[in-house]
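I opened this model to look up a few local features. My entries follow in the order in which I made them.

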Amino acid sequence: MAFVRACSLDDLWAGEMESYELDGKDVLVAHLDSGEVVATQAICPHQQIELVEGTLEKATLTCRAHLWTFDLATCTGLNPAHSALARYPVKVDGDDVYVDPDGDSPKIAHS
Ligand code: FES
């Protein structure tokens, strides 16, 4: 398990998300309105669309392509409920956000 610095909280205000390449993996980091910072896969489990191009409303991420929705607080699918997202371990140290890109693997949905 190796944490890698992804960004600073100054770069990622509450309600924002951004994708980063960390140790060769594309990771989406989201700063939820609740204050929690979550790291998940950058690519939608449905097709090859960047989730950062979607919208984030509270903890609900909506993919722009076919409007699948995910709860980033749990990294579970809302619609369809059978989908899921990877959840990478996150550590916030002061203003710095660290992610362990080896802590999970991207999920793929077969629909
Ligand atoms: S590619 Fe994301 S919902 Fe289809």
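Strands here are DSSP runs of E with at least two residues, and helices are runs of H or I with at least four, both numbered from the N terminus. I worked from a predicted model, in which local features need pLDDT of at least 70, side-chain atom pairs count only at pLDDT 80 or more, and totals for chains, interfaces and linings use all residues. Residues are numbered from 1 along each chain as its sequence is written, and side-chain values use heavy atoms, with hydrogens and water left out.

**Entry: Gly15**

I located Gly15 in the loop between S1 and strand S2 (16-22). I then listed its contacts (heavy atoms within 4.5 Å). Leaving aside neighbours within four places in sequence, Gly15 touches His31, Leu32, Asp33 and Leu56.

**Entry: Ala81**

Ala81 sits in the loop between S8 and S9.

I counted two strands as paired if DSSP finds at least two bridges between them. Strand S9 (residues 90-93) and strand S10 (residues 96-99) run antiparallel and are joined by four bridges. Val92 has Val97 as its bridge partner in S10. Two residues lie between the strands of this hairpin, and there Gly94 takes a positive phi near 65 degrees.

**Entry: salt bridges**

My criterion was a side-chain nitrogen of Lys or Arg within 4 Å of a carboxyl oxygen of Asp or Glu. I found four salt bridges in the structure.

Arg5 is partly exposed at 42% relative accessibility, and Asp96 is partly exposed at 24%.

Arg87 and Glu36 also meet through their side chains, at 3.0 Å from N to O. Here Arg87 is in the loop between strand S8 (76-79) and S9, while Glu36 is in the loop between strand S3 (25-31) and strand S4 (37-41), 51 residues apart. I noted 33% for Arg87, which is partly exposed, and 31% for Glu36, also partly exposed.

The N to O distance in the salt bridge of Arg64 and Glu53 is 2.5 Å. Arg64 lies in the loop between strand S6 (60-62) and strand S7 (69-71), and Glu53 in the loop between S4 and strand S5 (55-57), 11 residues apart. Arg64 counts as partly exposed at 47%, as does Glu53 at 41%.

Conventions
Buried < 20%, exposed > 50% of the residue type's maximum accessible area, 1.4 Å probe, protein only.
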